Amino acid sequence: MPPAADLDAVGSPAVDSPASWRRLALAVTLSSIGGVGMWSGVVVLPAVQAEFGSGRSEASLPYTLGMIGFAFGGVLMGRLADRFGIVVPLAIGAIALGLGYAVAALAPSLLVFALANGILIGGLGASASFGPLLADISHWFERRRGIAVAICASGNYLAGAIWPPLVQRAAEAFGWRNTYFAIGVLCAATMLPLAYALRRRPPARAAALPGTPAPAPASAAALGLSPGALQGFLVVAGLACCVAMSMPQVHIVAYCSDLGYGVARGAEMLALMLGFGIVSRVASGFIADRIGGLATLFIGSALQGLALVLYFLFDGLASLYVISALFGLFQGGIVPSYAIIVRRYFPADEAGARVGIVIMATLFGMALGGWLSGVIFDLAGSYRAAFAHGLLWNFLNLAIVGWLLQRGAPGLGSGRGALAAGSAAR
């Protein structure tokens, strides 16, 4: 029997309760474990390339397929979460990660290794541990939804901080194949029981009487748009902001090498970005709870643009360290803001799929931006043009979000003021 503090007046699971915070802790843990699927391929890339005797481009294929699988898998897993609850996609993800790493560990060719990464590890595995969890945790919070979603989204960055050094050391000591097999066993053994612990249905659904729909949030009509139109604008905005975001994240190591500072300095700057990105995600959650998701996204986009301008103007070693820290601090809250916006303007039972679609757009933005920045560098012989290119995409994102924000005034997003206004209207 759940503690009384976890129940509402009619005995149903309550939002913003101690149970909600315990669920958030489990979600972050699951995201941090499942997130290994996004980072392990990068770490073992040189060893895989050497074993299969491939070129660097061919050896990069597993990571590329893994990211594509992650993008499409997030939508599929989100739909499953909407229909059956979060346990089903998480269980599928745990089993897929276990099988995927086992198949990859036994792969007789680079093609089999790449397909295991794309279909099992990325598409059916790691994808279940990000977007669907963001959507699920949003159902368990109302007053603190922004900070809860932001903390949940930090699990992805925690995975990026924890897994690469562990995988690297294990691969050096035991070989990449044994390391991959061990990761698969660990994922299946830990994620399945953790997923079962999340079996309780979200409060909004549990509280509804049979045949009675849960109270609807503000709809896309509050912005004067159809649901499809709003989804389309969020997809374009997500693509644009992440094309801009990818320039420093994907190319900072190469940029430092070209400037003569060395690869190690660039790696330190990337780690600095991710570390401050965690701080940014948590801080943005507090902000979103007060001014709403749209306004928070607008601020994050504007500050990201400022950081890109600083990259364009300064290239000294000390300056790059400072700007990299600022970039992480500015952009970390952008992606979680989309989940908060979706929960504000779309029905709760569509959250998993719609969050998954926007997350897919951001992943494609990262992939497209990383590639375009390399193309521009090859054509111009400098990253200055690539930074300018990123600024243009950032301006597109800022224009879309600013336009949506203006259309939604004075009810901006999911903050307390907007919630109070929605309650008064009902």
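Modeller: A salt bridge is a side-chain nitrogen of Lys or Arg within 4 Å of a carboxyl oxygen of Asp or Glu. Keep in mind that this is a predicted model.

Colleague: Why is the contact between E268 and R265 called a salt bridge?

Modeller: The closest N and O atoms of E268 and R265 are 3.9 Å apart. The cut-off is 4 Å, so the pair counts.

Colleague: Where do E268 and R265 lie?

Modeller: Both sit in helix α12, residues 263–291. They are three residues apart, about one turn of the helix.

Colleague: Why is E268 called partly exposed?

Modeller: E268 has a relative accessible area of 41%.

Colleague: What makes R354 and E350 a salt bridge?

Modeller: Their closest N and O atoms are 2.7 Å apart. That is within 4 Å, so the pair qualifies.

Colleague: Is R354 buried or exposed, and how do you know?

Modeller: R354 has 17% relative accessibility. Buried means under 20%, so R354 is buried.

Colleague: How many salt bridges does the structure hold?

Modeller: Four. One of them joins D136 and R23, at 2.9 Å from N to O. This pair links distant parts of the chain, 113 residues apart. D136 is in helix α7, residues 131–138, and R23 is in helix α1, residues 18–34. D136 and R23 are both buried.

Terms used
Residues are numbered from 1 along each chain as its sequence is written. This is a predicted model: local features need pLDDT of at least 70, side-chain atom pairs count only at pLDDT 80 or more; totals for chains, interfaces and linings use all residues. Side-chain values use heavy atoms; hydrogens and water are left out. Helices (H or I, at least four residues) and strands (E, at least two) are DSSP runs, numbered from the N terminus. Buried means under 20% relative accessible area, exposed over 50%, partly exposed in between (1.4 Å probe, protein chains only).
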